[in-house]
Amino acid sequence: MQKAFWDKFESFYFIGIGGTSMSALAKFLIANGKTVAGSDAVDGVYTRELAGLGVRVEVGESRSSIGDFDVIVYTDAIRGNDAQLVEARNLNKTVIARGQLLYEISRAFKRTVAVSGCHGKTTCTAMLAHVLKRANEKFCMHVGGIDNAFSNFYIDGYGVFLTEACEYKKNFLLLKPDIAIILNSDADHLECYGSVDALHDAYLTFARSANVAITLFDEKYPCGITFGCNKNARFHAQNIVCKDGFYSFTACDGTDALGRVSLSVYGKHNVLNALAAIAAARTLGIPFSDIAEGINDFKGVERRFENIGKIHGARCVADYAHHPREIKSALVTAKKLNKGKIFVVFQPHTYSRTKNLFKDFVKTLSCVNNLLVYKTFAAREYFDDAGSALTLSQKLKKSAYGDCPADIVDFLQSAKAGDTVLFLGAGDIYEVAKGLTER
């Protein structure tokens with residue numbers, strides 16, 4: 001392994017260590033023998049997991065000095081006036097952003113595969129991890145979710161670095177991957193980019209930064225190796241079959257039929273995720289038999305159409321869907337699997353996203369007959385009435401509004417066996433839903 005950035009330092013402190021990516025990066029440094037500690041505003045899955053590994057994690061407003069640490073890592077969710085970040089700079093500490101550390105880590109590997117797009121990053125990246133595992137490749141995986149087998153981080157060698165590449169604040173442009181995958185480029189994070197054209201330009205820049213670009217054929221700007229259900233895409237699917245919500249298809253490379261692929265996760269949209277994974281794996285030189293078996297090994301990611309229990313006998317499903325197209329995919333999948341009523345509890349994620357995509361949210365959710373819009377998960381943002389959950393609910397004539405779990409309980413009084421309840425959103429609605437099903 002070549003000389004790495006972290007070799008010069010012994011201790012690292014993460015401000016915002018409870019984030020999915022931040023905790024995965026912390027795990028990487030722990031695996032390399034470094035001392036790691038951190039802080040976060042709230043306790044969660046990752047803070048508890050790291051604490052179990054012996055990491056000192058400070059939760060809430062009461063945080064100690066970071067003076068004893070060599071490097072301070074911060075997430076973009078942290079504001080510039082954060083007390084620990086200000087202290088680090090006043091002490092002339094080495095301060096590095098999450099995205100920059102991710103790039104530095106990627107440089108230690110022989111090859112980097114970076115998966116970008118508005119939807120599907122975690123699923124496609126995790127699929128590829130299972131393919132690499134099946135092929136006995138040495139690799140490291142860094143994803144923005146919890147894979148059922150690997151969690152959000154896995155390492156067994158320094159061959160391939162497999163990572164999500166997030167477009168938020170143009171972080172993915174820091175990476176210089178060997179293979180860049182662009183699953184889609186739907187409008188999102190417009191508060192950062194200002195326009196859809198600027199967003200598309202960033203994706204093009206990302207594609208051109210790689211030795212090989214793999215892009216969705218149906219996108220406005222397909223380039224490099226294409227994939228898609230369109231037969232004109234280089235990697236495409238034929239003879240798509242659905243059985244009990246699970247899809248199988250014949251994977252094709254141009255005019256060559258490679259063989260059948262069977263998915264172990266719900267939803268037709270995952271055919272596209274699998275095709276992107278196939279294109280990348282073939283580019284890496286992995287035999288198709290290992291690819292097909294690896295994709296079948298992939299059993300899903302937490303919060304991606306995940307069965308979490310029952311309420312009044314109704315099946316409860318949690319999905320990370322927080323963009324109109326993701327919501328539409330979740331609804332299509334639920335309708336295919338369900339013969340009873342579908343109840344939807346949707347939590348908007350950030351005021352800016354709701355405001356910027358307001359018309360799309362209204363169009364997508366207007367077809368839902370049993371809908372409750374739950375209070376906005378603000379994340380890093382301040383209140384904006386124009387993008388609030390209440391404003392969205394008021395625009396949707398058939399919608400109820402809720403700002404506490406008791407409102408969800410009231411909304412679901414008529415749910416019964418044979419029905420499905422979808423809990424949609426990227427915020428704390430998952431914890432709320434899990435709490436309700438456990439009761």
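## Close-up views of a predicted model

**View 1. Strands E1 and E4 pair inside a parallel sheet.** Strand E1 (residues 11-15) and strand E4 (residues 71-74) run parallel and are joined by four bridges. This is a predicted model, in which local features need pLDDT of at least 70 and side-chain atom pairs count only at pLDDT 80 or more, while totals for chains, interfaces and linings use all residues. Residues are numbered from 1 along each chain as its sequence is written, and side-chain values use heavy atoms, with hydrogens and water left out. Strands (E, at least two residues) and helices (H or I, at least four) are DSSP runs numbered from the N terminus, and two strands pair if DSSP finds at least two bridges between them. Look for Tyr13, which stands opposite Ile72 in E4. The open sheet has five strands in the order E3-E2-E1-E4-E5, with parallel pairing. At its edges are strand E3 (56-59) and strand E5 (94-97), each pairing on one side only. On average, neighbouring strands here are turned by 20 degrees against each other, direction ignored. Helix H4 (residues 98-106) lies across E1, E4 and E5, at about 90 degrees to E5. Axes are lines fitted to C-alpha atoms, for helices over the stretch in contact, and angles run from 0 to 180 degrees between N-to-C directions.

**View 2. E7 and E8 form a hairpin.** Three residues lie between the two strands. Strand E7 (residues 139-147) is joined to E8 by four bridges, and the two run antiparallel. Met141 has Tyr154 in E8 as its bridge partner. Four of the five residues of strand E8 (residues 151-155) are buried; buried means under 20% relative accessible area, exposed over 50% and partly exposed in between (1.4 Å probe, protein chains only).

**View 3. Helices H5 and H8 cross right-handed.** The axes of H5 (residues 121-134) and H8 (residues 269-283) come within 9 Å and cross at roughly 45 degrees. That makes H5 oblique to H8: angles under 35 degrees count as roughly parallel, over 145 as roughly antiparallel, 65 to 115 as roughly perpendicular and the rest as oblique. A crossing is right-handed if the near helix is turned clockwise from the far one by less than a right angle, and left-handed if anticlockwise. On the H5 side, Thr123, Cys124, Met127, Leu128 and Val131 take part, meeting H8 residues that include Asn270, Asn273 and Ala274. Contact means heavy atoms within 4.5 Å.

**View 4. Helices H10 and H12 are roughly parallel to each other.** H10 (residues 324-337) and H12 (residues 358-365) pack at about 10 degrees, their axes 9 Å apart. Pro324, Ile327, Lys328 and Leu331 of H10 make the contact with Asp360, Phe361, Thr364 and Leu365 of H12.

**View 5. Ala135 sits in the loop between H5 and E7.** Ala135 is buried, at 18% relative accessible area. Its contacts, leaving aside neighbours within four places in sequence, are Ile286 and Asp290. The C-alpha atoms of Ala135 and Ile291 are separated by 7.7 Å, although these residues are 156 apart along the chain.

View 6. Most residues other than glycine have a negative phi. Here, phi of Arg303 is near 70 degrees, and Phe305 has a positive phi of about 50 degrees. Arg303 is buried at 10% relative accessibility, and Phe305 is buried at 9%.
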